[in-house]
Amino acid sequence: MTHVPPAPAPKQPAADSGKTLYGGTGNRRITVRDIAAAKQRGEKWPMLTAYDAMTASVFDESGIPVMLVGDSMGNCHLGYESTVPVTMDEITLLSAAVVRGTKRALIVGDLPFGSYQEGAVQALRSATRLVKEAGVGAVKLEGGERSADQIELLVQSGIPVMAHIGLTPQSVNAYGGYPVQGRGEEAAQQLLRDAKAVQNAGAFAVVLELVPAELAAEVTRSLHIPTVGIGAGAECDAQVLVWTDMAGMTSGRVPRFVKQYAQLREALGGAARAFAEDVVGGAYPAAEHSFH
Ligand code: KIV
């Protein structure tokens, strides 16, 4: 695995770039209007997942403009095998922590499996809880045409929605794994219909997960809302990664589309072993760590 050196802090923006999502100035929260303006400008932007206040504060200080409290917390944070078991209580608790840890980023809370599939009214109840109790600025839900009614009611009710099409991990049991989506003419046409359906329903952005790059580029060109790619090539308006994958915290193999920008698992393990050896060998605590 190649180690990529950390990027320097963003340069001071030019006079007219105070509005850029990454590298922009301003200490108010990013809103969905800022996201729409970025698409107009043709500006690309980064999004990361976050599941706790401390990590979220690091990303906020680094200028990440949008954070997703993803149900990937199931695999990455809560020790489940998939996103399926994640509950509204868990998403609400961790979303509130991420909101508390940030000042600028738009925080998007994920609606977990079972919290919106019954229909629009159930979706509104769940999304309202995330907005009121956790303070998120938007919610995300999976599905294209099949989730259009839910998206429409949330948007009409004043809750911004990020849609998610292509591979939708909450359907892992139906897929029998995590296969690339949109391959072949029929599947590609369905993806395009899904993208149009969520845009027409009022979504402010749409995640495209695990779809061929050429198809993602076509979807991106055909929409006036931004596409957020994950395993969907370089032409999407934005890119999202699960932070534990991006920073090398995840154990074992990561998906092919992931680029690792650090090796935090190795660094943290090294710190833990050094501490343990100091304690066992009597080197910690030293005089400067003690009170008299
Ligand atoms: O839950 C999540 O982290 C997600 C991203 C992979 C888009 O849905």
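This is a predicted model: local features need pLDDT of at least 70, side-chain atom pairs count only at pLDDT 80 or more; totals for chains, interfaces and linings use all residues.
Reader: What holds strands of a sheet together in general?
Author: Strands of a sheet pair through backbone hydrogen bonds, and the pairing may be parallel or antiparallel.

Reader: Take strand 3 and strand 4; over how many bridges do they pair?
Author: Strand 3 (residues 106-110) and strand 4 (residues 138-142) are paired over three bridges, in the parallel sense.

Reader: Let us turn to the ligand. Which residues surround it?
Author: The ligand is surrounded by Thr49, Leu68, Gly70, Asp71, Ser72, Asp110, His164, Val207, Ile230, Val240 and Val242.

Reader: And how does that shell divide by class?
Author: The shell around the ligand contains five nonpolar, four polar and two charged residues.

Reader: Now the helices. At what angle do helix 6 and helix 8 cross?
Author: Helix 6 (residues 148-156) and helix 8 (residues 185-201) cross at roughly 25°, and their axes come within 8 Å. The two helices are therefore roughly parallel to each other. Their crossing is right-handed.

Reader: Which residues meet there?
Author: From helix 6, Ala148, Ile151, Glu152 and Val155 meet Ala197, Val198 and Ala201 of helix 8. By class, this contact has six nonpolar residues, no polar ones and one charged residue.

Reader: What about helix 5 and helix 6; at what angle do they cross?
Author: The axes of helix 5 (residues 120-134) and helix 6 come within 8 Å and cross at roughly 50°. That angle makes helix 5 oblique to helix 6. Helix 5 passes helix 6 in a right-handed crossing.

Reader: Which residues meet between helix 5 and helix 6?
Author: On the helix 5 side, Ala120, Ala123, Leu124 and Ala127 meet Asp149, Gln150, Leu153 and Leu154 of helix 6. The residues of this contact divide into six nonpolar, one polar and one charged.

Reader: How far apart are the axes of helix 4 and helix 5?
Author: The axes of helix 4 (residues 88-100) and helix 5 are 9 Å apart, and the helices pack at an angle of about 35°. Helix 4 passes helix 5 in a right-handed crossing.

Reader: Which residues make that contact?
Author: Met88, Ile91, Thr92, Ser95, Ala96 and Val99 of helix 4 make the contact with Ser126, Arg129, Leu130, Glu133 and Ala134 of helix 5. The contact divides into six nonpolar, three polar and two charged residues.

Reader: One more topic, the backbone. Which residues does the cis peptide bond join?
Author: The cis peptide bond joins Tyr284 and Pro285, with omega at about 0°. Pro285 is found in the segment after helix 11 (264-281).

Reader: And Leu210: is its phi positive or negative?
Author: Leu210 has a positive phi of about 50°, although it is not a glycine. Leu210 sits in the loop between strand 6 (205-209) and helix 9 (213-222).

Definitions and conventions. Residues are numbered from 1 along each chain as its sequence is written. A residue is near a molecule or strand if its C-beta atom, placed from the backbone, lies within 6 Å of it. Ala, Val, Leu, Ile, Met, Phe, Trp, Tyr, Cys and Pro count as nonpolar, Asp, Glu, Lys and Arg as charged, and the others, Gly among them, as polar. Axes are lines fitted to C-alpha atoms, for helices over the stretch in contact, and angles run from 0 to 180 degrees between N-to-C directions. Helices (H or I, at least four residues) and strands (E, at least two) are DSSP runs, numbered from the N terminus. Angles under 35 degrees count as roughly parallel, over 145 as roughly antiparallel, 65 to 115 as roughly perpendicular and the rest as oblique. A crossing is left-handed if the near helix is turned anticlockwise from the far one by less than a right angle, and right-handed if clockwise. Two residues are in contact if their C-beta atoms, placed from the backbone, lie within 7 Å. Two strands pair if DSSP finds at least two bridges between them.
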